[in-house]
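Hi,

Here is the structure I said I would pass on. Have a look at it first, and then read my notes below.

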Amino acid sequence: MINSTQVSYFALSAYFDTGLFKYLYFMVVMSLYLFIVCANVLLIVVICTNRSLHEPMYLFLCSLFVNELCGSTGLFPFLLVQILSDIHTVSTSFCFLQIFCLHFYGAVEYLNLAIMSYDRYLAICYPLHYNTCMTSKKIAILIAVTWLYPCFVMVVLLSLITPVKLCGNIIDKVFCATHSVVKLICSNTIGINIYGLIASFGTIFVALNVILYTYLHILRVCFSGSKETRQKAVSTCTPHLASLLNFSVGASFELLQSRFDMNSAPNILRILLSLYFLTCPPLFNPVMYGLKMSKIRALTKSLISYICY
């Protein structure tokens, strides 16, 4: 048994020799990352610099885009280095940092989507009381909780994992993940597993209850309300539901892979499924919201025109 502080690196065994195709993969991943950065930064700038977008819905969107930028940065530069490398290893300190970044991203994303559903619930079901309910102070508190709670959870989790003894240093993934490291621990991991399950399913359960409750009421109002109410609900809720479904599917793949033996599945399939929730939401959300929401679309066009001309 060796103490985790004595392990200088982890080996990532999911990578395989791609020959000269590694340069093609590098260019594809680089293009995706540049697109994600440019699209998310563009919408963050548009929301922050236009006072007409300083409304709760757009501020929560801005929080979502910032989180997706952070999550992508925790993964893509690392992938680019590993694709070109012949030896796929990562230092223990960077591995734990990546675990923090990626799990933090996942929790913030889901909580942010839950808060956005609550915002739509107030706007559609209680339009006359919306401004008194969704004050600047309440917006700040909701965004702060969305970011600080996952940070606290991950700090506690890493404080439980880092001091323990390990019986190996091989991770069967293309990036570092909590459960992959926990499986290397020599001693009993019941305490860590229980905390991990409580933290994961606690976050999911709370967010899912908020989402289900709000959308059940939104549907009720849509069926009983006017045509204008239904159009408002469809225009603002469609991109949110698409984002929620996209992220939930990807996160479910990753949770299933971390908790069950998936060695019978092809390696390339396991890699793609594990990367889905880290790549697709940051890729599609800015495009979806940028095209679907008329205010953002118009202001983005004017900003691009101003920059180009």
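A cut-off to start with: a residue counts as buried under 20% relative accessible area, as exposed over 50%, and as partly exposed in between. Keep in mind, too, that this is a predicted model.

Now for Val28, which sits in helix H1 (residues 21–49). Its relative accessible area is 42%, so Val28 is partly exposed. Val28 also belongs to a nonpolar surface patch of about 460 Å², together with Phe21, Leu24, Tyr25 and Leu32.

Phe104 is another one to look at. You will find Phe104 in helix H3 (residues 92–125). Is Phe104 buried or exposed? With a relative accessible area of 11%, Phe104 is buried, because the limit for that is under 20%. Leaving aside residues up to four places away in sequence, Phe104 touches Asn67, Ile99, Trp147, Pro150, Cys151 and Met154. If you want a distance to check in your viewer, the C-alpha atoms of Phe104 and Ser8 are 24 Å apart, and the two residues are separated by 96 residues along the chain.

Last, a helix pair. Helix H9 (residues 267–292) packs with helix H10 (residues 294–308) at an angle of about 95°, and their axes are 5 Å apart. That angle makes H9 roughly perpendicular to H10, as angles of 65 to 115 degrees count as such. Which residues meet there? On the H9 side they are Tyr289, Gly290, Leu291 and Lys292, and on the H10 side Ser294, Ile296 and Arg297.

Cheers

Methods
Residues are numbered from 1 along each chain as its sequence is written. This is a predicted model: local features need pLDDT of at least 70, side-chain atom pairs count only at pLDDT 80 or more; totals for chains, interfaces and linings use all residues. Side-chain values use heavy atoms; hydrogens and water are left out. Patches are made of residues with over 30% relative accessible area and no salt bridge: like charges are joined within 9 Å, nonpolar side chains (Val, Leu, Ile, Met, Phe, Trp, Tyr) within 5 Å. Accessible areas come from the Shrake-Rupley method with a 1.4 Å probe; for residues, only the protein chains shown count as cover. A salt bridge is a side-chain nitrogen of Lys or Arg within 4 Å of a carboxyl oxygen of Asp or Glu. Helices (H or I, at least four residues) and strands (E, at least two) are DSSP runs, numbered from the N terminus. Buried means under 20% relative accessible area, exposed over 50%, partly exposed in between (1.4 Å probe, protein chains only). Axes are lines fitted to C-alpha atoms, for helices over the stretch in contact, and angles run from 0 to 180 degrees between N-to-C directions. Angles under 35 degrees count as roughly parallel, over 145 as roughly antiparallel, 65 to 115 as roughly perpendicular and the rest as oblique. Contact means heavy atoms within 4.5 Å.
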